[in-house]
Amino acid sequence: MTPLPTRPLGRSDMAITPVGIGTAPLSSTPDWWVYWGRQSEAESIAAIQAALDLGINWIDTAPFYGWGRGEEIVGRAVRGRREQVFLFTKCGSMPDGQGRSTEDLRPDNIRQEVENSLRRLQVERIDLLQFHDPDPNTPIEESWAVVQALIAEGKLRCAGLSNHPAALVERALQVGPVASLQHQYNLLRRGVEADILPLAGREELGFLAWSPLASGFLLDSFELDRLDAADFRRRHPFGTEPLARPRRAAVERLAAIARRRGRTMADLAVAWILRRPEVTGAIVGIRSPEEARQMTGGLAWTLTPDELEEIDAALAGWEAALAAAGRS
């Protein structure tokens, strides 16, 4: 098997494959409000191991995913294979007691979360710890200082920021290194192109794109009616009007572009994200070995200028609908 290409993750000492294993879907439990439908632990472990067999060398998880279930599954899946994979997790998102979550990035809580993650992952060091979302009640300077201490103690290799605006990233950089940024980025959500991607390029930060397939809404095979009745995507704006119809129209046009080139819609979505030089990797959520084996299909497709023009034209109606709905 030909080794997959790698890209440096910012200024860290890690080089990662252009796609990584996303674990939110396979962490699903009925009591977690981001429910993806029924998922067995055995199938989840098999999916992760199938991706590792392809040469994919990093996994992105979080305590938030199934409230610890995701990290526990990852820990079991990589047992005996720790040396071939980088483990990325997060901290800060906590149950709010009302079925949702709240952010807590106080130094003591960060330390406790790191200890919990180390235990669930069954490792002595986390390769990349990311603040899951901003905590409006704790100055990022305090939070980032404890992260630097944890790196010095050997419990973390490095750290990054997820879903943080540019201003907070710049404040964190005044305290210590930021290895990477993680944000939603896909054909239907391009907001990071305005400021986050330029910041990543300017500061030589890694960039990890979450939800490159828009939680499945970018797949031409996606059928909302076939999802579990409690699946969170049934309530997602992409699946309800006024966005559902223009989203379907855009995906049909995009899928036609992919088919003419003998590719899948997932291949196109991943290739499009990876066209940006600031992007280090796309986090592709998987739930089965079959889905794992489809992860690398877009890596060998370098989109041409003509193809990019076609894609922009296919998205024009969607972009107009998004702006009209006030969600651009």
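Which residues in H1 are buried? In this predicted model, the buried residues of H1 are Ser44, Ile45, Ala47, Ile48, Ala50, Ala51 and Leu52. An α-helix has 3.6 residues a turn, so residues three or four places apart point the same way. Helix H1 itself covers residues 41–53, which makes 13 residues, and from its first C-alpha to its last it reaches 18 Å, close to the 18 Å expected at 1.5 Å a residue. After H1 comes Gly55, whose phi is positive, near 105 degrees.

The elements listed below are included in what covers the buried residues of H1.

| Element | Residues |
|---|---|
| strand S3 | 19–22 |
| strand S4 | 58–60 |
| helix H2 | 69–77 |
| helix H9 | 289–293 |

Strands S3 and S4 also belong to a closed barrel of 8 strands, which runs S3-S4-S5-S8-S9-S10-S11-S12 with parallel pairing. On average, and with direction ignored, neighbouring strands of this sheet are turned by 30 degrees against each other. Helix H4, residues 140–152, packs on the sheet and touches strand S8 (126–131) as well as S9, and its direction makes about 155 degrees with that of S9. Strand S9, residues 156–162, pairs in the parallel sense with strand S10, residues 180–184, over 2 bridges, and Ser162 stands opposite Gln182 in S10.

The loop between S3 and H1 holds Ala24, which counts as buried because its relative accessible area is 16%, under the 20% cut-off. Leaving aside neighbours within four places in sequence, Ala24 is in contact with Trp32, Trp36 and Tyr65. Ala24 and Ala214 are 190 residues apart along the chain, and their C-alpha atoms are separated by 13 Å.

Methods. Residues are numbered from 1 along each chain as its sequence is written. This is a predicted model: local features need pLDDT of at least 70, side-chain atom pairs count only at pLDDT 80 or more; totals for chains, interfaces and linings use all residues. Side-chain values use heavy atoms; hydrogens and water are left out. Helices (H or I, at least four residues) and strands (E, at least two) are DSSP runs, numbered from the N terminus. The expected span of a helix is 1.5 Å times one less than its number of residues. Buried means under 20% relative accessible area, exposed over 50%, partly exposed in between (1.4 Å probe, protein chains only). Contact means heavy atoms within 4.5 Å. Two strands pair if DSSP finds at least two bridges between them. Axes are lines fitted to C-alpha atoms, for helices over the stretch in contact, and angles run from 0 to 180 degrees between N-to-C directions.
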